[in-house]
Amino acid sequence: MKSTTADRHIGLLNLAKTLSFLVVFVAGVVVGMTASSQINRYFVSQTKLYFYNNMNNHFSAVQIPNHASRNCTSKMNLTNRLPDGELFWRASMVPKRAEFPFKRVPKVAFMFLTRGPLPMIPLWERFFEGHREYFSIYVHALPGFELNVSTDSVFYESQIPSKMVRWGTVALADAERRLLANALLDFSNQRFILLSESCIPIYNFRTVYKYLINSDHSFVDSYDEASRYGRGRYNRNMMPDITLQQWRKGSQWFELSRELAVNIVADIRYYTIFRKYCKPSCYPDEHYIPTFLNMFYGSLNANRSVTWVDWSMGGPHPATLEAGNITQGFIQRLRNNGTECRYNSEKTSVCYLFARKFAPSALEPLLNLTSKVMEY
């Protein structure tokens, strides 16, 4: 009996020891977790504080480039000299959303590729007058040349950074793509027309704008010429990417929709082939875009130019029109010369909107005919 009572006391004592140990252990765990949490919270807060302080110091010292915050409805600051690679990369971006987050008025981009002065500016300013929100102007001249116009001219601040251009070389095609890329940075630009310093409009702005904006097609010469001036310029090293059957020739003076302009600026593969193998007497400005469109976008091209040129004299360059050539009858014949073409699958007699090649001496007689014949 005494032994049983003693055993019971020993058991209770052991149980009490075990419970005491568990209480101490649990208390230790709770204290440890609380301390760890406080320490962790302290170090996290200190890390965040260090991070934010340093980030704030960093951004306060960094100047954000102007082009990062520009309004996409207006032209970039054309004095910014982006490398061609970055310029083409930016210009080839296409929004996924169809709707625009701003009121968008479709514009026509008038792109002038020139060696220097633009002698026809007074004529063009008369043409543009009263339509400022419907067009943009871009001028690519030789490096070192500065377009000198008044601040109220539509040509003011229209000059883009340029590089040296030599006739018959790939640099000419580079300049065309540079003009397209600068114009594409303005999301409001919908159509893109390439012009020279000797080009003039032969219809008023409303007619030209409506014709281009409402067109289902772009206007690029693209034809197969069997002579040495066509197929004879093809380089077999372009195979298999570009075959002789795909090779095309056409006028350099193109007009493009935004879709095709983006695809031309974004192209690296085929332009690299032209740069490598289309060298004198192969002229990239006469073959690259006509061939590229023929290969991939033929159904989107009207396969004709909207710029009239006189090749009746023969030779590598068109005829130059002087003051003595400018008459009312001559301009009327340019506007309606008896030929027909297709516009949105319908026949029309309005096939040309522009004409070249006009000498500076032709300016005065042209100005005398604008209101009477060209209606601007």
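Start by selecting C278 and C282: a disulfide (a pair of cysteine sulfur atoms within 2.5 Å) joins the two, with 1.9 Å from S to S. What you have open is a predicted model, in which local features need pLDDT of at least 70 and side-chain atom pairs count only at pLDDT 80 or more, while totals for chains, interfaces and linings use all residues. Residues are numbered from 1 along each chain as its sequence is written, and side-chain values use heavy atoms, with hydrogens and water left out.

**Stop one: C278 and C282**

Stay on this pair and look along the S-S bond. The angle about the bond is -85°, and the link of C278 and C282 is left-handed. Are these cysteines buried or exposed? Both C278 and C282 are buried; that word stands for under 20% relative accessible area, with exposed meaning over 50% and partly exposed in between (1.4 Å probe, protein chains only).

**Stop two: C341 and C351**

Next, select C341 and C351. Here is another disulfide, with an S to S distance of 2.2 Å. The link of C341 and C351 is left-handed, with -110° about the S-S bond. This pair links distant parts of the chain, ten residues apart: C341 lies in strand β7 (residues 341–343), and C351 in the loop between β8 (346–348) and β9 (354–356). Strands here are DSSP runs of E with at least two residues, helices are runs of H or I with at least four, and both are numbered from the N terminus.

Why does C341 count as buried? Because its relative accessibility is 11%. C351 is buried too, since its relative accessible area is 6%.

How many disulfides does a search of the whole structure find? It finds two. Counting bonded cysteines along the chain, the pattern is 1-2, 3-4.

**Stop three: C199**

Now click on C199. This cysteine counts as buried because its relative accessibility is 0%.

**Stop four: strand β3**

Finally, highlight residues 189–196, which form strand β3. Seven of the eight residues in β3 are buried, so the strand is mostly covered.

β1 and β3 pair in the parallel sense over seven bridges; two strands pair if DSSP finds at least two bridges between them.

Pick F192 here, and look for its bridge partner L256 in β5. As you turn the view, remember that in a regular strand the side chains alternate between the two faces of the sheet.
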